[in-house]
Amino acid sequence: MSLEFGQRADLVDVRRVGIPRALLYYRYGIAWRTFFEQLGRDVVLDEPSDRGTLEVGDRLSVDECCLASKLFLGHVSALIDAGVDAVFVPSLMGYGRFDTFCTKFQALPDLAANAFAVAGKPVRIISLRIDELRGETEEAAFKGLAARFGASRKEAARAYKAARTAQRSYDEAMAREQEKLVKSLGKLPAAERPLTILVAAHPYVSHDPFVGGVVEDALRDLGACVLFADETDRARALKRSYEFSHSIPWMVNRELIGSILMLHEHIDGIVLMSAYPCGPDSMADDAIERCIKGKPILTLTVDAQAGTAGVETRVESFVDILSYQKKGGYLNA
């Protein structure tokens, strides 16, 4: 792919770039913000998800879209209302045959553009495409986007390197912190060790306060120590996942499975969370329930219902079961 720097500056007038606080923002947000800031742009984030975000996104969406996609459209709407010049919506296919993303991420720019065009609220989309199986590499995609902003070849390379470095540093720091926590728990006497529960979900589910926040809060309020499957070392988790399956195509689901295998001996239970109706999770979570033995699993599918009492009750019951089991109740029954 040749980059015609100096001849592709069609985004030079874009000063305020909006990044929706949804979907893969929770995986690549540090890199995205750093990249645009390195190009001298002002990055605008909207507020975290809430009921209003979902209601707006639901009106803009079709019924078949998952909860996370509806939230995404709600965030895009908030950024338009904030007066950004354009919204960043990448098209991500994947990094290899078994390192792909759900197809919604490939179609996301078209989904956003069409949804707001139909609603009479047109939005200017900034996008790039990553499909390494077809030679569309991440580096070329970001450098090409930088060229569209009028960056020189050197400026584009610097922006991409800074973005990669910032995201890698953040991810490694999160993995180190969780590893330290796991080691510290292992040093405690069994009687003093809190219940340790692994939350396994896409980061835009587990870390979005509206979607996964109620589960995390409920677990912590009940005295559990919460680990997150997406906060382990991704490369190690991805490699470990091949012990489970050689055919699962979705990279994030692979990483979650590998993380469960890596942390299996250190946890008391697993909470599998999914945003309804996620296609990849419907297959991967079912395989996890059937094939990963030795730890109790609570499966939660989060939908658009207004109440949280049902989720909180299920979490409380799960913790009660784990506490009873830890005391030897079921072993002695």
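Lys 70 is buried, with a relative accessibility of 12%; here buried means under 20% relative accessible area, exposed means over 50%, and partly exposed lies in between (1.4 Å probe, protein chains only). The model is a predicted one, in which local features need pLDDT of at least 70 and side-chain atom pairs count only at pLDDT 80 or more, while totals for chains, interfaces and linings use all residues. Residues are numbered from 1 along each chain as its sequence is written, and side-chain values use heavy atoms, with hydrogens and water left out.

The side chain of Lys 70 meets that of Asp 58 in a salt bridge, at 3.3 Å from N to O. The term salt bridge denotes a side-chain nitrogen of Lys or Arg within 4 Å of a carboxyl oxygen of Asp or Glu. Asp 58 belongs to helix 2 (residues 51-60) and Lys 70 to helix 3 (residues 67-81), so this pair ties together parts that are twelve residues apart in sequence. Helices (H or I, at least four residues) and strands (E, at least two) are DSSP runs, numbered from the N terminus. Asp 58 is partly exposed, with a relative accessible area of 36%.

The structure holds 16 salt bridges. Another of them links the side chains of Asp 286 and Arg 290, at 2.8 Å from N to O. Both residues lie in helix 11 (residues 279-291), four residues apart, which is about one turn of the helix. Asp 286 is partly exposed at 33% relative accessible area, whereas Arg 290 is exposed at 57%. Elsewhere, salt bridges that share partners join Arg 129, Asp 131, Arg 134 and Glu 136 into one network. Within it, the side chains of Glu 136 and Arg 129 meet at 2.8 Å, N to O, and Arg 129 is partly exposed, at 27% relative accessibility.

Asp 217, Asp 221, Glu 312, Glu 316 and Asp 320 gather in a patch of negative charge on the surface. Patches are made of residues with over 30% relative accessible area and no salt bridge, with like charges joined within 9 Å and nonpolar side chains (Val, Leu, Ile, Met, Phe, Trp, Tyr) within 5 Å. Helix 8 (213-221) and helix 12 (309-326) each supply at least two residues of the negative patch, and helix 12 gives the most, with three. Asp 221 lies in helix 8 and counts as exposed, at 68% relative accessibility.

An open sheet of four strands has the order 2-1-3-5, with parallel pairing. Strand 2 (42-45) and strand 5 (125-126) stand at its edges, each with a single partner strand, so one side of each is left without a neighbour in the sheet. Two strands pair if DSSP finds at least two bridges between them; strand 1 (residues 16-19) and strand 2 run parallel and are joined by four. Gly 18 stands opposite Val 44 in strand 2.

Strand 9 (residues 269-275) is mostly covered, as seven of its seven residues are buried. Gly 269, Val 271, Met 273 and Ala 275 point one way from this strand, and Ile 270, Leu 272 and Ser 274 the other way. Strand 9 runs parallel to strand 7 (residues 196-200), to which four bridges join it; the bridge partner of Leu 198 is Ile 270 in strand 9. Six bridges join strand 9 to strand 10 (residues 297-302), again in parallel, and Leu 272 stands opposite Thr 299 in strand 10.

How values were computed
Areas by Shrake-Rupley, 256 points an atom, 1.4 Å probe, with all protein chains shown as cover. Lys, Arg positive; Asp, Glu negative; His and termini not counted. Charge placed at Lys NZ, Arg CZ, Asp CG, Glu CD.
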